[in-house]
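Me: Please take a close look at the aromatic rings in this model and at the sheets around them. Which rings pair, which carry a charge over them, and how are the strands laid out?

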Amino acid sequence: MTYKNIEIEFIGKVGLVRLNRPKALNALCDELISELGHALDDFEKNDEVRCVVLTGSEKAFAAGADIKEMAPKTYMSAYMEDFITNGWEKVTVCRKPVIAAVSGFALGGGCELAMMCDFIIAADNAQFGQPEIKLGIIPGAGGTQRLPRFVGKSKAMEMVLTGRIMDAAEAERSGLVSRVVPAAELVEEAIKVAEGIAKLSMPVTILAKESVNRAFETTLQEGVRFERRLFHSLFASDDQKEGMSAFIEKRPPNFKDN
């Protein structure tokens, strides 16, 4: 497939997606979202891809949803087309790990897209925000739900009600991003992290991701029970035997994904 709004690159076992609408600061139009979904589907099916990095440009990860596309919508048209639901949640159903590498603006839908990823590595120039309130709307791609889970109610409520933008240092302090790196090193560092994940057992990586995500969907007791059952199940895997044998023998493990 030929892409107009994103660029795809394969770096070893890492699939890199770069949002590419520079004149619009990577605003998330319908066509871009469709292309992103197609690329992620391809990565999921490709056994050579074991981890995904999603990034934009140095100036903008994504400055939000495309306002020019949204402005003419009516309540009924937005409802009937299930606006935002269609395609926008694709990142959240990827079984393979997806890392957001955020530089510059991650506002509105851009911030929401980054939060859909498994974790965020931010450049020191990154800026996060949900400024929808200034447009007469509220976040619609999970901002009012995911942001409080990252940064807590008070800070999320302030950002949603005022549209205030959070810089990279505050985002790290607040738990929105895993860490901050120099902008010039962002993509290189994200790929390095992804390559490390790609060397691990893929089934175990998928189970680990599933277990962490369960923490946000259930009670602590049920979550721990779910984790325990996954933990037990891995003692039936060859990769568990290989990983522990390699540790005892002081050698690198050679995982076979079974």
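**Aromatic rings and the sheets**

Reply: Phe 231 has a relative accessible area of 47%, so this residue counts as partly exposed. The model is a predicted one. Searching the whole structure gives three aromatic pairs. One of them joins Phe 10 and Phe 43 in an edge-to-face arrangement, with the centres 5.5 Å apart and 85° between the planes. Phe 10 belongs to strand E1 (residues 6-11) and Phe 43 to helix H1 (residues 30-45), so this pair ties together parts that are 33 residues apart in sequence. Phe 43 has a relative accessibility of 2%; the limit for buried is under 20%, so Phe 43 counts as buried. Phe 231 pairs with Phe 235, again edge-to-face, at 5.3 Å centre to centre and 80° between the planes. Phe 235 is partly exposed, its relative accessible area being 39%.

The charged end of Lys 73 is over the ring of Phe 83, 4.6 Å from the ring centre. Over the face of Phe 226 lies Arg 214, at 3.8 Å from the centre of that ring.

The strand that holds Phe 10 is E1, and E1 is part of an open sheet of six strands, ordered E1-E2-E3-E5-E7-E10, with mixed pairing. From one strand to the next, the twist averages 25°. Inside this sheet, strand E5 (residues 98-102) and strand E7 (residues 119-123) run parallel and are joined by four bridges. Ala 101 has Ile 121 of E7 as its bridge partner. H1 packs on the sheet and touches E1, strand E2 (14-19) and strand E3 (51-55), and its direction makes about 20° with that of E1.

There is also an open sheet of four strands, with the order E4-E6-E8-E9 and mixed pairing. Its edge strands, strand E4 (60-62) and strand E9 (166-167), each pair on one side only. Strand E6 (residues 105-107) and strand E8 (residues 127-129) run parallel, with three bridges between them. Leu 107 has Gly 129 in E8 as its bridge partner.

Technical notes
Residues numbered from 1 in each chain as written. Predicted model: local features only at pLDDT ≥ 70, side-chain atom pairs only at ≥ 80, totals over all residues. Heavy atoms only, no water. Pairing = 2+ DSSP bridges. Helix = DSSP H or I, 4+ residues; strand = E, 2+ residues; numbered from the N terminus. Phe/Tyr/Trp six-rings, centres within 6.5 Å; stacked < 30°, edge-to-face > 60°. Buried < 20%, exposed > 50% of the residue type's maximum accessible area, 1.4 Å probe, protein only. Lys NZ or Arg CZ within 6 Å of the ring centre and 35° of its normal. Axes fitted to C-alpha atoms, helices over the stretch in contact; angles between N-to-C directions. Contact = heavy atoms within 4.5 Å.
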